Amino acid sequence: MPELPEVETIRRAIEPLISGQHLINLELRDPSILRGDTSTLRSSIIGKLVTGVSRRGKQLLLVLEGGWAIVIHLRMTGALLLEEPDPSRRVRAVLHLSNGTRLYFNDIRRLGTIALVKDLDGCCRRLGPEPLTGDFTPDILRQCLAGHRIPVKAALLDQHIVAGVGNMYADEALYEANIHPLTPANELSPGQISRLWEAIRAVLQRAIACQGASIATYALPSGERGTAHNLFNVAHKKDAPCPRCGTPITRVMVRKRGASFCPSCQQPGNHLG
Ligand SMILES: [Zn+2]
């Protein structure tokens with residue numbers, strides 16, 4: 001599933017191509033992709049200028065003049081491609097820009113969504129803080145986790161607690177911070193909080209530098225693959241040796257999601273200060 005680094009990579013790739021252009025059509029090959037009142041909303045955005053492309057958590061935001069925005073959520077297998085893929089039967093929508101750019105929303109599992117919104121702040125208000133911004137501090141992370149007795153792995157996946165982190169990067173960050181995924185979120189020591197804060201930012205920044213992780217279907221708009229998965233220590237590495245100690249990486253279920261970790265480096269109750 002595309003997480004923050006993958007969506008940010010897509011944002012950086014498409015912004016220079018579509019910002020400053022007019023949206024001349026939103027072609028819906030599968031109308032169920034659209035959220036909200038489709039007829040009125042759609043007529044409100046055709047012809048509008050795209051003033052920028054931003055991101056909030058895992059959502060891509062195409063900001064239009066007049067306060068409108070197109071909010072794209074890729075979910076499990078969504079991709080935005082500059083060329084029509086072959087076969088094209090998984091293309092659910094096509095955005096047509098005035099400079100001839102086409103963005104094909106390809107989506108094998110058909111879980112992705114496009115929402116047309118007038119109130120961008122309102123639509124993102126319930127998301128947790130952005131982990132790569134300057135105001136995301138160790139103390140903010142502590143406050144975000146403080147009220148939650150759920151396993152820290154589950155807390156990191158909750159977009160209302162921290163935005164943008166998904167299964168792969170949560171596993172990587174917990175490994176880097178030496179924290180067992182089942183540790184209750186509100187029981188992390190100050191030392192663990194600060195290691196986790198640093199690890200979250202490091203794994204996300206590193207993955208952006210590698211243009212995301214192409215474990216499954218993720219691809220850049222150009223069709224190229226990211227290389228961040230080559231740096232993974234535990235995510236998708238079950239039974240591989242831990243790069244630090246050689247112990248085989250194991251997997252536990254945490255609230256119906258798999259968590260990969262090193263049972264030796266990430267021991268429960270491993271409150272190392
Ligand atoms: Zn280890």
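Helices (H or I, at least four residues) and strands (E, at least two) are DSSP runs, numbered from the N terminus. The structure is a predicted model, in which local features need pLDDT of at least 70 and side-chain atom pairs count only at pLDDT 80 or more, while totals for chains, interfaces and linings use all residues. Residues are numbered from 1 along each chain as its sequence is written, and side-chain values use heavy atoms, with hydrogens and water left out. The chain has 7 helices and 11 strands.

**Overall form**

- Taken along the principal axes, the box filled by the C-alpha atoms is roughly 55 × 35 × 30 Å.
- Of the 273 residues in the chain, 53% are buried; buried means under 20% relative accessible area, exposed over 50%, and partly exposed in between (1.4 Å probe, protein chains only).
- Among contacts (heavy atoms within 4.5 Å) with a separation of 6 or more, 65% are between residues 24 or more positions apart.
- The accessible surface of the chain is about 11900 Å², and carbon and sulfur atoms contribute 50% of it; accessible areas come from the Shrake-Rupley method with a 1.4 Å probe, and for residues only the protein chains shown count as cover.
- The chain carries 33 positive and 25 negative charges, whose mean positions are 5 Å apart. Lys and Arg count as positive and Asp and Glu as negative, whereas His and the chain ends are not counted; each charge is placed at NZ of Lys, CZ of Arg, CG of Asp or CD of Glu.

- Helix α6 (residues 167-176) is largely enclosed by the rest of the structure, because 9 of its 10 residues are buried.
- The buried residues of α6 include Asn167, Asp171 and Glu172, as well as Leu174 and Tyr175.
- The elements covering these buried residues include α1 (4-18), α5 (152-157), α7 (190-209) and β11.
- Asn178 lies in the loop between α6 and α7 and has a positive phi of about 60 degrees although it is not a glycine.

- Gln266 is found in the segment after β11 (257-261) and is buried, with a relative accessible area of 1%.
- The side chain of Gln266 makes polar contacts, defined as pairs of N or O atoms within 3.5 Å; within protein, one atom must be able to donate a hydrogen and the other to accept it, and residues adjacent in sequence count only if both atoms are side-chain atoms.
- Leaving aside neighbours within four places in sequence, the contacts of Gln266 include Tyr175, Asn178, His180, Pro181, Val234 and Phe261.

**Backbone exceptions**

- Most residues other than glycine have a negative phi, and most peptide bonds are trans.
- Lys256, in the loop between β10 (250-254) and β11, is not a glycine, yet has a positive phi of about 75 degrees. Lys256 is exposed, with a relative accessible area of 78%.
- Asp86 and Pro87 are joined by a cis peptide bond with omega of about 5 degrees; Pro87 is in the loop between β6 (78-81) and β7 (91-97).

**Further residues**

- Asn106 is found in strand β8 (residues 102-107) and counts as buried at 14% relative accessibility. The side chain of Asn106 reaches the backbone nitrogen of Val91 at 3.4 Å.
- Ala155 is found in helix α5 and is buried, with a relative accessible area of 0%. Not counting residues up to four places away in sequence, Ala155 touches Leu145, Ile150, Ile161 and Ala185.
- Gly20 is placed in the loop between α1 and β1 (23-28) and counts as partly exposed at 46% relative accessibility. Beyond residues up to four places away in sequence, Gly20 touches Leu49 and Val50.
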